[in-house]
Amino acid sequence: MAQLLPELRLALRGLLRQPGHALGVVLTLALGIAVCAAMYSVVHGVVLKGLDYPEPERLRVLGAQDLSAGGEGMLAGAEAERLAELGVVESAGYFLWGGATHTGGERPRMLTLILTGGEFFRTLGVQPQLGRWLTAGDANRDSGVVLSHQLWQDLYGGDPGIIGKPFQVDWIQSTVVGVMPPGFGYPVDGIDLWIGYDVAQLRAQPPLFENARFLKGIARLKPGVDEASLSAELAAFSQRLAGEHAPLRDWRLAATPMLDDEIGPVRPVLLALLLIAALALGVACANVVNLVLLRALARAQELAVHQALGASRGRLARRVFIETFALGALATGLGVLGAELALQGFVGLADSDLPRVDEIQLDAAGLLSVVAIGLAASLLAALLPAWRLLRADPARGLGGASGRVLAARGGVSRALPIAACAVSVGGLAAALLLAGSVRHLEQVPLGYTPEPVLMLQLFREPDPGRGAFNRALIEQLQAVPGVAAAASLSSGPLSPLGSIPIDVQVLGRDAQEALRPRVRTASGPVQEVLGLGLRSGRWLESGDHADAEPVAVVNRAFAERVFGTQDPLGQRISLPPFGEAGPRKEFRIVGVMEDARLDTLAAPAEPEVWVPDAQYWVSSVALLLRAQAEPGALLKPAQEAIWSLHPNLGIYSTQRVAALRDRQLATPRFFARNAGAFAVLALLLAAIGVHSVVAYQMTRRQREFALRLALGSAPRALALRVLRAGLALGLPAAALGAGLGLLFGQVLRSVVVGVDGWLWSMPALAAALLLAVVVAASLRSMQRALRVQPMQALRAE
């Protein structure tokens with residue numbers, strides 16, 4: 001240690017004499033470590049970390065695939081009721097959403113509840129904190145309720161004696177049988193309570209029992225069951241049900257790992273971002289090695305002089321090693337600090353519906369792995385010049401062959417920057433595709449105007465006044481100052497609440513096509529509130545009351561798919577009852593509206609049927625208010641207007657429609673921004689690598705250039721040689737990077753929209769940008785080549 005400290009002081013003194021080199025090495029490696037460690041933590045929290053259930057790999061979410069029309073759906077009651085018959089599952093259950101209003105506070109509070117059937121809780125396997133969970137025998141709300149930990153605290157102050165006490169909220173009059181532990185919230189966070197539900201009660205309504213798909217299933221596989229066995233069992237099960245229920249013939253059950261169901265389509269994008277970040281770290285490590293080798297070459301004569309004056313090779317090699325490894329260690333430490341800052345930036349950008357954001361934190365294992373890579377790169381960068389110094393001939397260094405004292409043999413020094421540049425091209429192509437997809441989503445015509453519209457969502461009990469509930473609310477809200485127009489839909493724009501795919505039949509047709517459009521109920525001038533367009537016929541009107549002829553308005557997608565070139569006006573369709581008993585109900589089509597993307601920005605409008613709220617009851621209501629100015633200013637007056645009519649009515653959510661649009665854009669923007677940042681970082685690091693290699697080569701060829709100039713070569717000819725040296729790295733890198741960009745494009749194809757025509761052009765554009773950067777990075781060496789003075793260069797040698 002006594003010998004090491006003087007060496008360390010000398011090494012630090014040498015680095016301070018050339019702060020540019022030290023800063024370049026430290027920043028290059030620190031940036032690579034910070035970005036890679038932070039991105040790994042994001043991927044670990046969202047994709048790699050298991051769910052908080054016992055043996056989560058055995059959990060599956062059950063839905064159904066439409067074999068005739070394509071697409072996916074939830075389960076019908078006839079399917080959910082018999083999930084326990086699946087031979088490959090240990091337990092299974094099903095659930096649907098609901099709401100209830102708590103009126104014990106200053107204002108009504110809407111509680112979010114889950115109605116559970118089968119072995120819902122046993123399948124998940126999370127033990128309650130108090131009491132018990134609901135079982136298949138708890139088939140209705142009278143069997144008991146299970147409270148969330150938060151609701152237990154809010155309503156009962158954490159009373160440990162709550163089990164067995166009565167629970168009376170809104171339409172629920174039951175007994176508390178259990179309290180779940182903190183953090184439990186399936187299917188999403190924020191669930192307040194769970195009650196029993198038995199889908200068998202719908203058997204008396206075959207159209208609803210067999211056609212309405214509003215249930216989601218969950219199952220826990222038996223140990224050792226593989227995907228092939230599960231798929232075969234689901235196919236056989238679906239075939240048995242189809243033989244008993246004709247409407248199920250076009251449907252087949254499908255299973256998705258619960259983690260995949262929760263994170264949705266973000267897995268390939270996150271993994272692609274992690275790959276880009278990891279490759280950027282590789283680029284940073286390669287550049288550090290190149291920068292260190294370049295500095296060692298520049299110091300070759302200096303080190304030769306030290307040897308001639310009596311310094312041992314071992315001591316000089318040790319000094320070179322300490323200098324480089326100290327820089328690497330400093331860069332690694334800064335990278336660890338930067339990783340925490342970068343992670344905070346990532347999470348800050350994830351105001352985006354990015355799933356499992358709460359699980360994202362700096363992962364120790366990933367951080368240690370990245371740190372190990374950084375230290376290994378530092379060690380390699382330190383060992384290479386030290387090893388070459390031990391083998392170098394000081395006489396050759398003094399004799400003018402400095403270019404060969406520490407020169408790298410073989411193609412490694414060229415391969416590293418080529419690989420780095422290729423990585424930057426691939427990452428840049430991916431970023432351009434993601435940015436193009438976001439741009440497409442931002443500009444896609446919605447078919448309506450989301451701004452300035454405020455939406456208030458709530459649930460209601462069956463309306464004995466047959467539409468009077470909504471009509472009274474709309475009249476009350478229309479009188480609120482600042483409201484330009486008010487209306488309601490059963491499911492508002494860009495909200496899944498109340499959007500129902502229902503079996504629709506066209507009367508007068510012998511062969512019925514499988515039609516499952518989304519059905520919405522409407523009340524008031526919805527077209528005026530949202531700015532919708534009418535293609536033909538008329539809109540639903542106030543005269544379409546409960547005793548009037550049942551009528552419907554369909555969208556263009558429905559009309560073209562079902563009727564083709566035939567005029568849909570006057571055609572009759574039938575819908576099964578929803579939430580009530582009885583036969584199918586007939587409606588006459590009186591209007592065709594233009595398509596509107598009311599469900600998602602990423603896909604064209606699906607076929608839809610709108611019917612009057614007074615003629616078809618659905619429990620969910622989305623009140624829509626077009627504001628004369630800022631919609632946020634209407635929130636409190638609108639709530640007061642609702643409570644003036646229904647003091648005990650809870651409001652489920654209040655949102656601006658424009659905010660829902662921005663939320664759907666937030667995740668694509670998150671991916672595009674981060675991919676762009678990684679790509680720019682990789683491109684910057686690639687430019688550093690190209691410059692270091694070209695400068696390395698020019699330093700080795702300085703004597704050659706001096707001789708050429710002395711013999712009459714034009715300076716511009718030498719500059720072209722420098723440019724060719726840069727392009728010798730850039731051209732193969734551009735070709736390899738374009739191929740990598742095409743690969744990234746295929747990986748991202750399932751999550752980008754509106755950019756199919758760009759899958760080939762974006763890698764080409766990224767390659768062109770790289771070549772521009774390569775030329776720019778070569779400019780400094782070109783300028784040095786033009787300023788070479790022959791006599792001075794030869795005298796220096």
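Predicted model: local features only at pLDDT ≥ 70, side-chain atom pairs only at ≥ 80, totals over all residues.
Of the 797 residues in the protein, 53% are buried. Among contacts with a separation of 6 or more, 81% are made by residues 24 or more positions apart.

In soluble globular proteins, nonpolar side chains tend to be buried together. The largest nonpolar core in the model has 86 residues, and Y186, W194 and L270 have the most contacts inside it. Helix α20 (residues 657–700) provides the largest share of this core, 14 residues. L270 touches M39, V42, V43, V46 and V47, and also F670 and F671, when residues up to four places away in sequence are not counted.

Helix α2 (residues 19–48) contains S41. With a relative accessible area of 1%, S41 falls under the 20% limit and is therefore buried. Beyond residues up to four places away in sequence, S41 touches L343, I360, Q361, L362 and D363. T332, for its part, is located in helix α11 (residues 313–349). The relative accessibility of T332 is 5%, so this residue also counts as buried. T332 touches L29, I33, V371, G374, L375 and S378, again without residues up to four places away in sequence. The C-alpha atoms of T332 and L27 are 9.7 Å apart in space, although the two residues are 305 residues apart in sequence.

Aromatic side chains were examined next. The count comes to twelve aromatic pairs. One of them joins Y53 and Y186 in an edge-to-face arrangement, at 6.3 Å centre to centre and with 80° between the planes. Y53 lies in the loop between α2 and β1 (59–66), and Y186 in the loop between β9 (172–179) and β10 (193–196), so the pair ties together parts that are 133 residues apart in sequence. Both Y53 and Y186 are buried. F95 and F120 form another edge-to-face pair, with 5.8 Å centre to centre and 70° between the planes. Because F95 belongs to strand β4 (residues 89–102) and F120 to helix α4 (residues 120–124), this pair ties together parts that are 25 residues apart in sequence. F95 is buried, with a relative accessible area of 3%, and F120 is buried, with a relative accessible area of 0%. Ring pairs link Y53, F95, F120, F121, F184, Y186 and W194 into a cluster. A further ring, that of W251, has R213 over its face, at 3.8 Å from the ring centre.

Strand β4, which holds F95, is mostly covered, with twelve of its 14 residues buried. β4 pairs with strand β11 (residues 213–221) in the antiparallel sense over six bridges. In this pairing, K216 of β11 is the bridge partner of F95. β4 also runs antiparallel to strand β5 (residues 109–118), to which ten bridges join it. W97 stands opposite I114 in β5, and a hairpin of six residues joins β4 to β5.

The peptide bond from Y186 to P187 is cis, with omega near 10°, and P187 lies in the loop between β9 and β10. A cis peptide bond also joins E451 and P452, with omega about 0°. P452 is found in the loop between α15 (412–443) and β13 (453–459). Positive phi values occur in residues other than glycine: phi is near 45° for E55 and about 60° for L494. E55 lies in the loop between α2 and β1, and L494 in the loop between β14 (483–489) and β15 (500–501). E55, at 42% relative accessibility, counts as partly exposed, whereas L494, at 7%, counts as buried.

Terms used
Residues numbered from 1 in each chain as written. Heavy atoms only, no water. Core = buried A, V, L, I, M, F, W, Y, C linked by side-chain atoms within 4.5 Å. Buried < 20%, exposed > 50% of the residue type's maximum accessible area, 1.4 Å probe, protein only. Helix = DSSP H or I, 4+ residues; strand = E, 2+ residues; numbered from the N terminus. Contact = heavy atoms within 4.5 Å. Phe/Tyr/Trp six-rings, centres within 6.5 Å; stacked < 30°, edge-to-face > 60°. Lys NZ or Arg CZ within 6 Å of the ring centre and 35° of its normal. Pairing = 2+ DSSP bridges.
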